[in-house]
Amino acid sequence: MELLGAILDTLAKKFDFAADIEISMEIDPATFSLEQLQGYLSAGVNRVSLGVQAFQEPLLQVSGRSHTVKDIYQAVELIQGLGIVNYSLDLISGLPQQTLTDWENSLEKAIKLQPAHLSCYDLVLEAVTPFGKQYQPGKKPLPDDETTAKMYVLAGEKLALAGYQHYEISNYAKPGYQCRHNRVYWENRPYYGFGMGAASYLHQQRFTRPRKSRDYFAWVKEGCQIEVEKNSLIDDLLETLMLGLRLAEGVSLPAIEANFGSEIKKAILEVLEPHKQRNLVIIEGDSRVRLSDPEGFLFSNIVLTDLFDRWQ
């Protein structure tokens, strides 16, 4: 807590914090006490993202989570008890042995807790992780693609009925509670990152700090030298499309034209026209282009692949 306070104090001295700044902290159930949570709030934290993942003990165990369902409820009780309204719950679909009924049950239990925000992520398998080495996408005990698609659609339907806005592919919020720092990423705006493995995006340059402690401390000792190439115009274009199309409102066509030119805007519309015909993309005149919900979100990779192929 003291270190967190020192970090935030240092940042406040170096940068101008907005009066209504959102300071979000990711925590897992069973990893904090009432006193610790009070300390986080005193340091300036005013938004909490709780890594729930599932409301079934077998799914938590197979996922390698250290917390239990009881821990989830105790964590939420602490959060609500301190009057924290702006908190989010993270859920994961597509887990090993997870059924559509399990997923519906998790959604219903999450909604009952009335968080201001919910993130519903589909399990991503990476080859270097234990999950990636143990399981193959679409093969048992993982749900098949049809089931995970049904899970995605079900989340959108149930959360919409509960008053949540589906504002980004994987994120839902009550009005006024969209995650601010994530919107910075999706709108491709500049941001600072500090610490091991932290990424920054400034002056059209992306940079990630060393991920291992030995490499990181050696880098700091050598003066934190940063040598990275500036993004090309096409790099910026593709990142703007890839990130912006994650948002429900999509991408501004006037902004595309202003930043990249009328010919590139025209080319984008040409690439997207077939996807519009398949109801995956919605083109709102000369104003915006966005993915449809849920079809376009479900097949976003296909749309993005065509856009990337056009310029690579």
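Phe 207 counts as buried, at 16% relative accessibility, where buried denotes under 20% relative accessible area, exposed over 50% and partly exposed in between (1.4 Å probe, protein chains only). Trp 219 is likewise buried, at 13% relative accessibility. The model is predicted: local features need pLDDT of at least 70, side-chain atom pairs count only at pLDDT 80 or more, and totals for chains, interfaces and linings use all residues. Residues are numbered from 1 along each chain as its sequence is written, and side-chain values use heavy atoms, with hydrogens and water left out.

Aromatic rings were examined next. Rings of Phe, Tyr and Trp (its six-membered ring) were taken to pair if their centres lie within 6.5 Å, with planes under 30 degrees apart counted as stacked, over 60 as edge-to-face and the rest as tilted. By this rule there are 9 aromatic pairs. Tyr 192 and Phe 194 form a stacked pair because their ring centres are 6.0 Å apart and their planes meet at 10 degrees. Tyr 192 is partly exposed, with a relative accessible area of 49%. The pair of Phe 207 and Trp 219 is tilted, at 5.9 Å centre to centre and 35 degrees between the planes. Phe 207 belongs to strand S8 (residues 205-208) and Trp 219 to helix H9 (residues 213-221), so this pair ties together parts 12 residues apart in sequence; helices (H or I, at least four residues) and strands (E, at least two) are DSSP runs numbered from the N terminus. Ring pairs also link Phe 207, Tyr 216, Phe 217 and Trp 219 into a cluster.

An open sheet is formed by 3 strands in the order S9-S11-S10, with antiparallel pairing; two strands pair if DSSP finds at least two bridges between them. Its edge strands, S9 (251-252) and S10 (281-284), each pair on one side only. Strand S10 is joined by 4 bridges to the antiparallel strand S11 (residues 288-291), and Glu 284 stands opposite Arg 288 in S11.

The domain assignment, which is automatic or taken from a database, gives domain 1 (1-185), domain 2 (188-222) and domain 3 (233-310). The centres of domain 1 and domain 2, taken over C-alpha atoms, are separated by 25 Å. In this pair, 5 residues of domain 1 are in contact with 6 residues of domain 2, contact being heavy atoms within 4.5 Å. Domain 1 and domain 2 bury about 480 Å² between them, 67% of it on carbon and sulfur atoms; buried area is the accessible area (1.4 Å probe) that two parts lose on being put together, summed over both. Phe 15, Val 184 and Tyr 185 supply 82% of the area that domain 1 buries against domain 2, more than any other three residues.
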